[in-house]
Structure formats: structure tokens, C-alpha cells
Amino acid sequence: TATVSVLYCFHTYTLKMSAKNLGKGARMLNMHAKVAKPGLVVLQEAMPKHTETEYKHAPCYGKSSDIVVREGSGCWITDAEGKRYLDVTSGIAVLSTGHCHPKVVEAVQMQSAKLMHGQLNCFQSHTALDTLLEKLGPVMPEGLNTFVVDTTGTQAIEAAVKLARRYTKRPNVVTMMGGFHGRSALTTAMTSSNTGPRYPVATPLPSGVYHTQAPLAFRWGVSEEEAVQRALTSFKDMFYSQVPIDTVAAVVAEPVMGEGGFVQLPKAYVEGVKEICEKNGILFIADEVQSGVGRSGKMWASEYTGVVPDILVSAKGIASGMPISLVVSTEEIMSSYTAGTHGGTYMGNAVACAAASATLDVIKEEGLVENSAVQGSMLKNMLTELRNEYFPYGDVRGMGLMIGLEVRDEAGPSPALAQFIRKHCLDNGVLLYAPSGWEGCTLRIMPPLIIQEHEALQIAFSIESALKAWKVLQNTKASHA
């Protein structure tokens, strides 16, 4: 072993390392080394010199626009050059109370001055979390009274699956084809809304995940009743062809598939799946990350089916933009968690809890669940009229302020028209999210729950303007053919 003196940022450090590892140690520090004599290494540059360079975002984010946003207020955002846009994305259904609602901002500011981080491994709890749980209790489905407060939807789904596996002592989970549950390794395996997160190099993914066919009446061109029966048959068949039913811990389903194009699971289908689950000791997990907290016109989209899940997962709209998520279940199921079996540094963050509490207050005080139902119904009716006139082969579906606009023509799905509508609206100050769903031809209409009638009308008028422009373009092309 040699004693090595290292000149590093004007300080000399004495290290002990074998002569064999002298060069390796220098390379590990990413420095240029010059051996002056045995046992002495002088590192001439501690850090590479700064050079002019352009710093960029990694290209992993899908983009709906090139806007550089400066600020937001209500349903509107302003870009770096001062142009205003009506935000119909809500940050992907996150901004329930709109951008920077004064009561949410005040709650965040006040909590930041008192306690920003009360790590739950270090304390029994903190008052911001206790206050949030008191407000959540009365709005949860009956019987769901025990909470894990996490940070993101993906983490909450992972926690819910972990919980189901611990409770049932079974390894496997079943999800719906077309569903989206996140982009971690496990939730990517659970996701089948598109192949983007999986390929070309994300595989192999964790095992123990199986996909069953969701009922897609419009896509299949059949009645809802027939679609339900077909999907339930597929669900039952998978236990003979893919995975033994007594090895399944949970079925995970979005009551309204988000990335899948705002497809609502029919009541009869959810009832049928839940019945099979109950008979076979399988937990039913409702992924309400996108559909929950009033977005659907009810507090929870599960209310449309009358089926209370064994575990409910929420995130996105619960805190108006602050990172927080929930896993909610019965005390019996949650008791299968023991100390240390789940956790995270930022779980139950105090500032995020304050934002969530304020969000719940605003939703209640301003009647935002009811507003979602009223404005959503009006907007859906207007979009249905546009569908009938401009693309009768398409579909308008959804409830509340989660409306799917699937555009098709005589030849089938039309992702070109979907993109044309999005770009035309953007050019005219209305921001729509990138098309999703099967074949990428569904536009998701998901403005903040505070939206007013004149703003809903602006969305419809902008889409109508796009459809008229498309019709002119197609007629011009036909006349020159």
C-alpha cells in the first residue's frame, strides 16, 4: 500500500491505495494524472474547464407543443413572449383548481414558512398530513379508510400492487389492454396503451403481469352489451390459457382509460370482473390517478359503476400541481403492510399535503365536481354535433371534463386529422394534448374543473374552426387531383 498525495482544488489530500490501483483511482476521479515519482500522483485539473455549451432537456418527454410557459392563472397560461393560451390539458388532468388558485397558493406559502419536509420515518406524523387525512375521509368510497400518502401515480400503483401481493400472498396481476399505469419497470409492464415506453430497449420487463381485453364497443363496431360479454369471456379464458386464477393477487383497472382514449369501462363489465375477483380471493384495484377527484363529474369515476374497489389509487388532480398520490384501502388489507415494507423520502410531504387540503376545500366550496358535470355535458353535446357534421364515423365519449374525441373518416382512424385539429387550435390560442388512444386519433379534452361556459364555448369553436379548415383543405386537394 502506498501513500498518495493528491492536489485537488488547491487542497492536498492524503489517501492510501495500492500501487496497482493508482491509475484506476485517478481515472475514477475523471482527472488527468501525472506520476512524478513512485507513490506520488499530482492531479493537474480537478474539474474540466467550463466551455460554452447549450444545455438541453433529455429527449424522453412527449411534446404537445413548443410553448415555453412563463406563468399560469385559472384556465390560462402565458408563454415567454406574452401570448396567452386556453389550457385544455390541465397538465394532463392535474390542475383541478386551475393554475395558481389563490387559496392553493396561500396554503403552499404558509406551509412553506412552517414546515417544508417532515419525513415520516423520522416522526409519527405532521399536522399538514393529519389535516389532509381528516378531509379525505368523508369523500372516500365506503370502507376505504386507511391511507398511504406517496408522491406520484406510478409510485402509488407500485405500492398498491405490493400491498395486494402481501395481502393475498400471490405473485400475479392482471391489467386491461389499452390501460396506462406509469413508466417505472413494473408499471411499464402493466401498461399497454402504446408500445412507446417498452421498446426498443426497455425489455425485458418484470414478470407476473397479464393483460386482458377491455370492452371496446365503438372500436369493435358492436353494442355495449356484446362488447361486455366478449370481454368477460376473454377475462375468464385467460385463467385457463395464461395464468392460474389462484395465483392472481389483483386486477388493476382504470374506470376510465386515460392514455387509452378516455374509454369508460361499462358498469356491467366492472360488476362482472369484481364478482369473479370476490369468488376467487383476488383484489380489485381502481386506478383513479387520472379520473379521480371530480374529473369525471363525480368525486370518483368508480361511483358510476357502484362498485367499491378493494384498493383505490389517486394522484394528479388531488393537489393542483403539487406531487402527491394516495393508496387507500380497508384497515384489514393495509394491515398486511408492516414497518419498513414501504416508504420513500418525500412521502407525505408537508407542502404537498397543504396543497391537497386546499384543493379539497376549493373543490367543495366552489362546487367543482358539479361544475365538471355541467360544463362537461354542455361541451360533450357541442362536440357531438360537430362529429355528426364533420366526421360521422368518429366518436365523442366520456363524462365530466374528461371527453374523448376520436376522429375517423370513411377509411378508418385519422391521426392526420387529429394532429391537424391540435395544431390549428394551438395556432389559435387553445392548447390541446397530443392525440392518444388506439391508432393515435383521440383528442382528450380535460380542462381545469373551474372552467366557465365562455371558455368551454371557446374550445368548441376552436375545434369547429379546425374542422372547417380541414374540410376546405380536403376539397382543395380533391379539386386538384
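This is a predicted model: local features need pLDDT of at least 70, side-chain atom pairs count only at pLDDT 80 or more; totals for chains, interfaces and linings use all residues.
Residues are numbered from 1 along each chain as its sequence is written, and side-chain values use heavy atoms, with hydrogens and water left out. Local features need pLDDT of at least 70 and side-chain atom pairs count only at pLDDT 80 or more, whereas totals for chains, interfaces and linings use all residues.

**View 1. Span of helix H3 (residues 102–114).** Helices (H or I, at least four residues) and strands (E, at least two) are DSSP runs, numbered from the N terminus.

**View 2. The buried and exposed residues of H3.** Val-104, Ala-107, Val-108 and Gln-111 are buried (under 20% relative accessible area; exposed is over 50%, partly exposed in between; 1.4 Å probe, protein chains only). These buried residues pack against helix H4 (127–136) and helix H11 (350–365), contact meaning heavy atoms within 4.5 Å. On the face turned away from the buried side, H3 carries the exposed residues Pro-102, Gln-109 and Ala-113.

**View 3. The hairpin of strands E6 and E7.** E6 (residues 76–79) and E7 (residues 84–87) pair in the antiparallel sense over 3 bridges; pairing requires that DSSP finds at least two bridges between two strands. Ile-77 stands opposite Tyr-85 in E7. The hairpin has 4 residues between the strands, and Gly-82 takes a positive phi near 95°.

**View 4. Strand E7 beside strand E21 (residues 430–431).** E7 and E21 run parallel and are joined by 2 bridges. Asp-87 has Leu-431 in E21 as its bridge partner.

Notes
The expected span of a helix is 1.5 Å times one less than its number of residues.
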